[in-house]
Amino acid sequence: MKLLIIRHGESEADILKVHEGRADFELTEKGKLQAEEMAKWINKNFTIEKIYASTLKRAKQTAEALSNETRAEIDFRNELMEFNNGLLAGLPREEAESKYPRILNLPVHKSVYEMESALEFRYRAEYILSVILSENNTEATIAIVSHGGMINQLFHSFLSLPVDSNIHILTGDTGIHLWQYDEKERCILFSNKTEHLSVMSY
């Protein structure tokens, strides 16, 4: 099975410089164009059987662009939503730092500021990845459209990294990661590919 893991395009929160997380912002016009170019590149290079996507607007719109291009069905899943950042959602970054300072060395099972815990976040990734791998044929090519934080959790789950791992996977706007999975091994074939954006003139 091949898995294309895709981050959404630029969102309005990126322009406003606010914490996003569960704040449900839409794509900017630039983000919509990024999603269209990503979809064209994937359609040219892969045959997608199915798309799994977060229900948040920025991922939903990105997945719809991919579906429109590839004609693949979308299965929207709440488990693919970004980290539940509680009271920080939608706040300007400076205001959030003042009201809700970061707490170092917080145990993975604990949370603050109405957030989910690191353990809960990882469990969501473990659960949805297990669902996706079990629901699809080993010869299929599947797309997953989600968010930077969740993509990191999916990587950690796919590679069986510890819950408190400090390894961070960079993913730009509509960045694409390609995984290969079978019963014998799990491989990362490429990571954070954004060459489709090079055709954009701005």
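**Close-up views of helices, aromatic pairs and salt bridges**

**Figure 1. Helix α5 and its surroundings.** Helix α5, formed by residues 118-135, contains 18 residues and reaches 26 Å from its first C-alpha to its last, close to the 26 Å expected at 1.5 Å a residue. The model shown here and in the other views is predicted. Buried positions of α5 are Phe-121, Arg-122, Arg-124, Ala-125, Ile-128, Leu-129, Val-131, Ile-132 and Leu-133. The elements that cover these buried residues include the strands β1 (2-7), β2 (50-53), β4 (141-146), β5 (176-181) and β6 (186-193), together with helix α6 (148-158).

**Figure 2. Helix α2 and its buried face.** Helix α2 (residues 29-45) has 17 residues, which should span 24 Å at 1.5 Å a residue; the end C-alpha atoms of α2 are 25 Å apart, in agreement with that value. Its buried residues are Gly-31, Gln-34, Ala-35, Met-38, Ala-39, Trp-41 and Ile-42. Viewed down the helix axis, the buried residues of α2 fall within an arc of 165°, and therefore line one face of the helix. These residues pack against β1, α3 (57-70), β5 and β6. On the face turned away from the buried side, α2 carries the exposed residues Glu-29 and Lys-44.

**Figure 3. Aromatic pairs.** The whole structure contains 7 aromatic pairs. One of them joins Tyr-100 and Tyr-113 in a tilted arrangement, with 5.0 Å centre to centre and 55° between the planes. Tyr-100 and Tyr-113 both lie in the loop between α4 (93-99) and α5, so the pair ties together parts that are 13 residues apart in sequence. Tyr-113 counts as partly exposed, at 21% relative accessibility. Phe-158 and Trp-179 form a stacked pair, with 4.2 Å centre to centre and 15° between the planes. Because Phe-158 belongs to helix α6 and Trp-179 to strand β5, this pair ties together parts that are 21 residues apart in sequence. Phe-158 is buried, with a relative accessible area of 1%, and Trp-179 is likewise buried, at 0% relative accessibility.

**Figure 4. Aromatic cluster with a lysine over a ring.** Trp-41, Phe-46 and Phe-190 form one aromatic cluster. Trp-41 is also among the buried residues of α2. Lys-193 lies over the face of Phe-190, at 4.7 Å from the ring centre.

Figure 5. A search of the whole structure finds 13 salt bridges. In the one between Glu-135 and Arg-77, the closest N and O atoms are 3.2 Å apart. Glu-135 lies in helix α5 and Arg-77 in the loop between β3 (73-76) and α4, so the pair ties together parts that are 58 residues apart in sequence. Glu-135 is partly exposed, at 42% relative accessibility, whereas Arg-77 is buried, with a relative accessible area of 16%. Through salt bridges that share partners, Lys-50, Asp-75, Arg-77 and Glu-135 are joined into one network.

Figure 6. Glu-95 forms a salt bridge with Lys-99, the closest N and O atoms being 2.9 Å apart. The two residues are 4 residues apart in helix α4 and are therefore separated by about one helical turn. Glu-95 is partly exposed at 31% relative accessibility, and Lys-99 is partly exposed with a relative accessible area of 48%. The side chains of Glu-116 and Arg-124 also meet in a salt bridge, at 2.7 Å from N to O. Both Glu-116 and Arg-124 are buried.

Note on methods:
Residues are numbered from 1 along each chain as its sequence is written. This is a predicted model: local features need pLDDT of at least 70, side-chain atom pairs count only at pLDDT 80 or more; totals for chains, interfaces and linings use all residues. Side-chain values use heavy atoms; hydrogens and water are left out. The expected span of a helix is 1.5 Å times one less than its number of residues. Buried means under 20% relative accessible area, exposed over 50%, partly exposed in between (1.4 Å probe, protein chains only). Contact means heavy atoms within 4.5 Å. The arc is that of the directions from the helix axis to the C-beta atoms. Rings of Phe, Tyr and Trp (its six-membered ring) pair if their centres lie within 6.5 Å; planes under 30 degrees apart count as stacked, over 60 as edge-to-face and the rest as tilted. A charge sits over a ring if NZ of Lys or CZ of Arg is within 6 Å of the ring centre and within 35 degrees of the ring normal. A salt bridge is a side-chain nitrogen of Lys or Arg within 4 Å of a carboxyl oxygen of Asp or Glu.
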